[in-house]
Structure formats: structure tokens, C-alpha cells
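Dear colleague,

Please find the structure below for your records. My notes on selected parts of it follow.

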Amino acid sequence: MANLLIGHVFIKMFKTKALIRLASLCAIIAWVILVFSDITVLFSDLKSLHSGIPTWLPRVMLDVFIISIFYYYKFRIERDENLNFTDLLWKVFATGLIATVISLAVRLILFLLGSTKLATNVIFLDFVYQLHLALFINFLIAAFTSWKRLILYQKSKWLLRAWLAFEILLFFILIYDSIHITISTTITTTAIIITSLLGVVLSANMRWVAYLNFKQKWTSLLLLLLSIFYLVYFLYSVTIWSDVISQQSPVFLDFQSHIFNIALLAFVITYMSFSFLVVLFNLPTSSVFEQKLEEVVNFQRISQSIQTEQNEESVYNILLESSVSSVFADAAWLEIKGSANDQRLFTYQITEMETKDIHAHLEKNNIRGALDQSSDKTKNLSKHLGSLRSTRFRSLLAFPIKVKEETIGTLALLKELPDSFNKEMTRIVSTFANQAGISIENFRLMEEAFQNARYKEELKIAKTVQQSLLPTKLEHDADFEISAFSASADEVGGDYYDTLRISDHEIALIIADVSGKGTTAAFHMSQMKGIFHSLAQQGPNPKDFMAKANKALVYCLERGSFISATYFVINTQAKKIYYSRAGHCPVLIYCASKNKAEYLKDKGTALGMVRSHDYCNFVEDNEISYAAGDVMVLYTDGITEAKNNKGEEFGYERLAHALQENAQKSSNEIEESVIKSLYAFSGSEDINDDYTSMTVKFK
Amino acid sequence: MVHIKRLQEEGADIIAIVGDIDASSSIELDLAIAKSVGEGFTKILVDCSALEYISSAGLGVFMSYIEELRDKKISFVLYGLKERVLNTFSILGLADLLNIRDTKQEAKKLANELSI
């Protein structure tokens, strides 16, 4: 596809080049024939001979020459899209320059020849004249084509039509000239009037001038002035020679009798002078136009800065820069109030000391709501600066920068002249300030979204870690069956349970709940797992286990964090459970002989709460016996604190009841029933806490 | 949601907690206690009569001040706890570490005794 396109462009380019060559060849041939035929006609007329060359030939050849030149420039100038306005003027100027140089060279030759026979020879003079005429027409048509592009810049439909009509009229004039028959003077006059009117109307199209910057305007003026000079010079030279020749030969083809040339000349001169004057008078306002353009660009920069830049700082810098350049401020500063005491200051041509002085001065004079952050109104504070002697500034304009209705900073602009901020400037800068506010708001929203995404990702990882810390297989024994359940809310909790076989007849169990949520909870949970696996192996009694675990954890848990846990050792030989509770939910036991589920009452403080050695005074060793059919339920507070839509908690009563109802079933079924009744109570399976339970059924 | 009010009575700073204390509102409790300690009160009473629920994070706040209060010899007494809230404290073993009384009078009395 791309190749095709390039190929197409290439062919087009090649075609254009060929056409340019063809046009120039035609022009040269036509001119050579024109010169020869004209000289022959002139010569035979002088000698009163019959030349055999028809008198119309030079005229037709002149038409062919003109049309060829016209097409030559059509391809050279009109079709070239790379040319800008000054380039067009430059082309006209360059054509004029070359023509003038050639003309001056001919004049030099004439001067060197002096008053020799050749110099006064009519035929030689005719040649010189034809050369000048060709250069002149070439120059005129180059200008004509350039003007066409300038006039048709930002063209409308009717403008295109008017131009087409103008070209057709000129063409008819050209044909009419060569036929050399006067049809009717009224028609001729009407045609000339229409052409001139059209020419003037078309010449009024000067939109391109507005798009020139100051420098380009100066260049244009110079180029136009020089082009006018060349034109006048040529007009003068061609007129002189034609006068000289026509005095000697009546058949001489005077260019002045050629209406086309006159019309073309008139049009080119009109537009040239119009342009010159318009550019000249537009010079003083060009800075305003440039200023407006710059404002638009600045505005765009502020609104796009978020996409391209990576921080708020660049937005502030762009805001400061744009505001200063838009209102020609002599100095400016931008203060941004960040979180608590973190104030950032961006300055332009002013020191921090000076801003503080101005601040202090305004405060001293009790001018409220100016630079102070609570102000939400744009204020012109110029009059108050008058009384501050130490500063060179006499005008001050302050703007609040707001993000989500909240003022986050102040932009202050300063000028050395009094009363130099007008309404227009205030409006522009306030637009800038608003846009900057929007940009910053967008930036913060984006940052937040990133932050959230990162946090979610972190949680996901923490959750995976937490899940992997829970055992996949629990220790079973001939004496009991065991099953566990754990479900967690979106937020990562810190529920942990595990089992470990100490010896043939001893099995350790643990259930723990780490305070807090998220990654730290998962981290502490992994520490707990480490402690359990290393300490339980040595088979300490439960109280010792807690004391050692506390000692180990005190160094890792931060202030305010703790772990509640219950540690059990089931001795299947003695049919006893030894346990120690450290701040965890009380153990729920179903006694088959009594057919009653109840909570064990004992004391124990959570791990990490007491940081001294006397922690062992806060935990105790407990033991109970078990018999076949007894059930022990371990759980975390997520279950007892689960709420229904009325805000009631599931509570200890309901849990005990659920166990008592289902105690005859297997451990698995008991657990399922308990969880089912929990979900039935809370009314949904959307949990907002972690539910963990471990059920042991003795056989 | 929680509302925490502070008022001074007979040289004691009374922190009244109204509502629930969960992970997010525990920060307010932490701030209130920190302020009270920072202002140099030697007797701080916590009115829990309108405290409906306290999460482990809230308990962690009380726990985290135990050592500092002991070091600075500040008498710190909680009173008026609802049964359910008190239960939470005792399950965790915090009831043994903190001074908890039923009424304001008892709490004041204890605070005065402790500060001697």
C-alpha cells in the first residue's frame, strides 16, 4: 500500500516535472519564432519587401508564449504545496531580480557599443525590446500565479468562481488582442471595466497577511517593495524601446496596444500595492495576533501536560510560564499548599524574600482574602502595593488554584507599573488557573487509581500468601476426626489454624487470629506458623508454649498489634486435652454424656499484649477429659461477630445451639451445619470478615 | 462511626466514646488518648457507657498505651462498659491489664487511689 502510494506520488512528481519542461520548451520555441517572425516582418516593412510571413504570426506566437509561461508557473508555483507566503513573495522577487540582472547586462552591452551602427539598428533594438518584453511578461505571470495562491488562501466557493471568471475574461482579452479586429468599442470598454472590477474585488482578499508573524511581515514588505521597483523599471524600459522602434516602423507591435498586457500589469500592480499597504498597516497589530496564538498554544500545553508529563510540578511550571507570557508580567510566583506545612513555591524573576515581604505587608495592612489560601476570589491588589516602599512592583494580581472546590494554591502576578492589569488579562489568567486545576485534579485521580490498583494487587498477593499458610492436610488419629473451614472477605485477614503430631499419642492443635488486616496480618500469620512448627515439635506444655511464643512475638509485633491464640495438646493415651488460651475466643465443647454444648471458662491474655517476662502470669494451663462422642469446636471471632441485616450478632448462644443440634453427626457434617446456620442467620454469603473454624469429633 | 468527646472533671480527663470502634475509627481513639497523655493529665477516665462495639484494632489502641501509662504513672480507668464490650475485653485478657469499673464514681475513686 505504502509502496503504491509512494509510486503514485513519484509518478505525479515525474509528470509535473515533464509538464514543466514541456511548458518551458513551448515558451522558448514560441519566443524564438516570435522574435524571428517579428524581426522579419519589421525588416520587410522597413525595406518595403514582401516577406512571405503573415503579420499575424508574431501575435499568435506571443499568445502561445504567454500561455506556455502561464502553464509553466501553474506547475511551478500553484501546485507546489511546500511554499508558504513569504516563499511565494520570494519567488516573485527572484523572478524580478533575474529579469532585472539580464536587462542590466543588455544595457551594459548597449552602453559599451556606444553609438555604433549596431546600437542604432532597429532590428537589433527590436530584439532587445522583445527580450525585455519576454522578461517582463514572465515576471508578470509569475506574480499573477503567486497572487492567485495568496488570494485563494482560505477560499470560498464564490471566490473560486470569481477567479475562474477573471481568468476566462483575461483569456478572451488575449484572443481578442491577437485577432486584432475591433468588434465594438462598447463591448471592449465593458469587458475592460468588468475585468478591472473583478481584479479590484479579488485584490481585496488579504487573509494571508494575518498569518504572518512580525518578522515575516518585514520580509514581505521588503520583497514587495523590491518587486514594485522591478516592475516600474521594466515598464519604463519597455516603454522607451517600444517608443524608439515604433517611431521607425509603423507595423511595429507595441505592447501598449495589447490590452491583455495592460490588464495583467494593472492587476499585478494593484495587488502588489494593496498587499504592501495591508502588510504595512498590519505591522503594529501583529504582536496582538501572535499573542493570541501563543495563548491558545499555552492553553493547550496546560491541558495536555498531564498526558505528557509525569508530575504535578511540570503543570505548575507551565502555568507560571504561560501566565507570565500572556500578561507580560515582570515577576510572578506560585505557591502550592501541600499536606501540613509542606508549602512549595515556584518563582519567576522574584526572590522568596520578596514574596514574604509582600505577604507580610498585606497581612500588616489587614487586607484579607488576597494571598491567603482560603480566598476563592481573584483579586486585584494593586492599590495596596502602593504603600509598600521596599518593592519595585506596583501591580499585583492573585488567582486561586482550585482542585475539587478546594483551593490548593495561589498564583500571583506582578508588574512594575501601576494599574497595568486589564480585564482581558485577568480573564485569560483565570482560564489558565482553572485549566491547571482541572489538570491537577485529573492527575490526582489517575494517581489514586494507580495507587488503588497497586493496593489491590498487593492484597491479592497477601491473600495468596495467607491461603498457602493454611494446612492442606490435617493430622488425623484413630481417636478423633478433624475438619476445618476457612473463608475470608475481600480484605485479607489473619486467621490461622494448624495441626502437628508430637508423638504417637500426642497431637498439637492451634487456632489463632492476628489483629489487623492486609499484608501485615499475613506477615504476622506466617510468623505464628513458624513459631508453632518450631515450638510444638519440642512438646512443651501449653502454658510454656504461650510464654515462649509471646517472647518471640514481642520483638516482631508493632505497638497495638497482638495475636489471640489457643494451643492444644490432645493426648489420646490419657484421653485428655491440655490447652492454654491466649485471648482467643473461648473453646466450645459438646459433652455427649450431658448432651450439652458449653464454653470453657478460663483466663488468658493475647500474645504481644504484655511485653515483660511476667506474661506467664497472664496465661494458664488447663486440662479437660474427653470421651467418645464429644465434640470440640474452635473458631475465630468472625463467626460470633457475624451480623444479620438488623445488626444483631450471631453470638455465642446461636453457635452453641448449632453445635448441640448437630453433635451426633460426623465432624464434617457438624461443620457444614454450623456454617449453614451462620449463612442463614447473616442472610447472605457475602461475608465481611474471616470465618474460620476447626471441629474435632472424638471417637 | 464514633464520636469522641473530652471533658475535664476535678483534675481528671474524661474521654467519652459514643458509637462503634473499628479499624478506621480506632485512629480517633488513639488521637484522643495521645492528646490527653500529651497534655499531662495524671488521671484519665474513659467513659464507655455509649460504646456499642469495639474491634481488635480498638483493643489494640488501649493495649498500646498500657506501658506508657505505667511509665508515666498515669491512672487510667475505664468505666460503664456494656456486657458485650466487657466480654470482648475479658476474652482477650485485656480486662486483667486495664482498670475497669462499673460506674463513674468507682472509676474516680480508683483513679484517686492510684495516683497517690
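Two residues are taken to be in contact if their C-beta atoms, placed from the backbone, lie within 7 Å. Helices (H or I, at least four residues) and strands (E, at least two) are DSSP runs, numbered from the N terminus. This is a predicted model, in which local features need pLDDT of at least 70 and side-chain atom pairs count only at pLDDT 80 or more, while totals for chains, interfaces and linings use all residues. Residues are numbered from 1 along each chain as its sequence is written, and chains are lettered from A and ligands numbered from 1 in the order in which they are written.

In chain A, the cover over the buried residues of α17(A) includes α16 (518-536), β9 (563-571) and β10 (576-582). A residue is buried if 20 or more other C-beta atoms lie within 10 Å of its own, exposed if 12 or fewer, and partly exposed in between. Among the buried residues of α17(A) are A:F545, A:M546 and A:L553.

The axes of α6 (residues 157-179) and α10 (residues 259-282) of chain A come within 8 Å and cross at roughly 150°. Axes are lines fitted to C-alpha atoms, for helices over the stretch in contact, and angles run from 0 to 180 degrees between N-to-C directions. α6(A) and α10(A) are therefore roughly antiparallel (angles over 145 degrees). Here A:L170, A:I173, A:L174 and A:D177 of α6(A) meet A:I259, A:F260 and A:A263 of α10(A).

Between the chains, the contact draws 19 residues from chain A and 14 residues from chain B.

Yours sincerely

Terms used:
Parallel < 35°, antiparallel > 145°, perpendicular 65-115°, else oblique.
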